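Subject: Structure handover

Hello,

Here is the structure for your file.

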Amino acid sequence: MSIAYWSTMDTKIGPFTAVVAGDGAVLASGWTGDVAELTPLISPSLAPGEVKQRRDLGPVSTAIRRYHDGDLDAVADIEVRQRSGAFREHAWEILRKVPAGEPVSYAEYAALAGNPAAVRAAASACAKNAAALFVPYHRVVRTGGGVGNFRWGVPAKQWLLTHEAA
């Protein structure tokens, strides 16, 4: 039985919770104070048998604080572990390479992921992403620049885009 750990910290947007594997890889994260909102997002093949609270998650907690304080690349080197189909996993890897302050449209994201016709699949990759911030799906916007949807709320997405554009 595997054990994962979680912690919630205050950020400029509100509470942010991360769930990490025993080795520190992020399994799920988002702007919520309720870990129960995150655990169902973890792939069943990665689901821990037990989730325990920790005050600090080491490098993950440090990266979250640093990002919200303005170090936009602080989360880039944190390992993320998600499982799904081949396109979605590849799309998540590509999304981690989209630079802060340079949002892409869903169509551009599909093209970056290697299938320009797969706009709906690219949007689905965003919707199914469990590791908010670490896999920065907030950087994908509607064609024409509209903010679009975001699991953690449009105001949070707008704050993130503005934070990264500064």
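Strands E2 and E3 form a hairpin with five residues between them, and Gly-24 in the turn has a positive phi of about 95°. Helices (H or I, at least four residues) and strands (E, at least two) are DSSP runs, numbered from the N terminus. This is a predicted model, in which local features need pLDDT of at least 70 and side-chain atom pairs count only at pLDDT 80 or more, while totals for chains, interfaces and linings use all residues. Residues are numbered from 1 along each chain as its sequence is written, and side-chain values use heavy atoms, with hydrogens and water left out.

The loop between E2 and E3

Ala-25 is found in the loop between E2 and E3. Is Ala-25 buried or exposed? Ala-25 is buried, as its relative accessible area is 0%; buried means under 20% relative accessible area, exposed over 50%, and partly exposed in between (1.4 Å probe, protein chains only). Not counting residues up to four places away in sequence, Ala-25 touches Val-19, Val-20, Glu-79 and Arg-81, where contact means heavy atoms within 4.5 Å. Between the C-alpha atoms of Ala-25 and Tyr-109 there are 24 Å, and the two residues are 84 apart along the chain.

The sheet

Strands of a sheet pair through backbone hydrogen bonds, either parallel or antiparallel. In this model, four strands form an open sheet in the order E3-E2-E1-E4, with mixed pairing. Strand E3 (26-30) and strand E4 (50-53) each have a single partner strand, so one side of each is left without a neighbour in the sheet. From one strand to the next, the twist averages 20°. Two strands count as paired if DSSP finds at least two bridges between them.

The pairs are as follows.

- E2 (residues 15-20) and E3 pair in the antiparallel sense over four bridges. Val-20 has Val-26 in E3 as its bridge partner, and Thr-17 stands opposite Gly-30 in E3.
- E1 and E2 run antiparallel and are joined by six bridges. Trp-6 stands opposite Val-19 in E2. These two strands form a hairpin with four residues between them, and Gly-14 in the turn has a positive phi of about 140°.
- E1 and E4 run parallel and are joined by four bridges. The bridge partner of Tyr-5 in E4 is Lys-52.

Strand E3 is mostly covered, as five of its five residues are buried. In strand E4 lies Glu-50, which counts as partly exposed at 31% relative accessibility.

Helices

Helix H1 (residues 59-68) lies across strand E1 (3-10), E2 and E3, and runs at about 150° to E2. For such angles, axes are lines fitted to C-alpha atoms, for helices over the stretch in contact, and angles run from 0 to 180 degrees between N-to-C directions.

His-163 is found in helix H5 (residues 154-165). With a relative accessible area of 16%, His-163 is buried. Leaving aside neighbours within four places in sequence, His-163 is in contact with Tyr-67, His-68, Gly-70 and Leu-72.

A residue with positive phi

Most residues other than glycine have a negative phi. Leu-133 has a phi near 75°, a positive value in a residue other than glycine. Leu-133 is found in the loop between H4 and strand E6 (140-141), and counts as buried at 1% relative accessibility.

The largest pocket

What is the volume of the largest pocket? The volume is about 200 Å³. The closest to the centre of the largest pocket, of the 18 residues that line it, are Leu-41, Ile-42, Ser-43, Arg-83 and Lys-128. Helix H2 (86-95) and helix H4 (119-128) are the elements that give two or more residues to the lining. The lining residues divide into nine nonpolar, four polar and five charged.

Regards

Notes: 1 Å grid on protein atoms, 1.4 Å probe; cavity = no way out; pocket = protein on both sides within 12 Å on 5 of 7 lines; lining within 4 Å. Points joined across faces, edges and corners; volume = space filled by probe spheres on them. Nonpolar A, V, L, I, M, F, W, Y, C, P; charged D, E, K, R; others polar.
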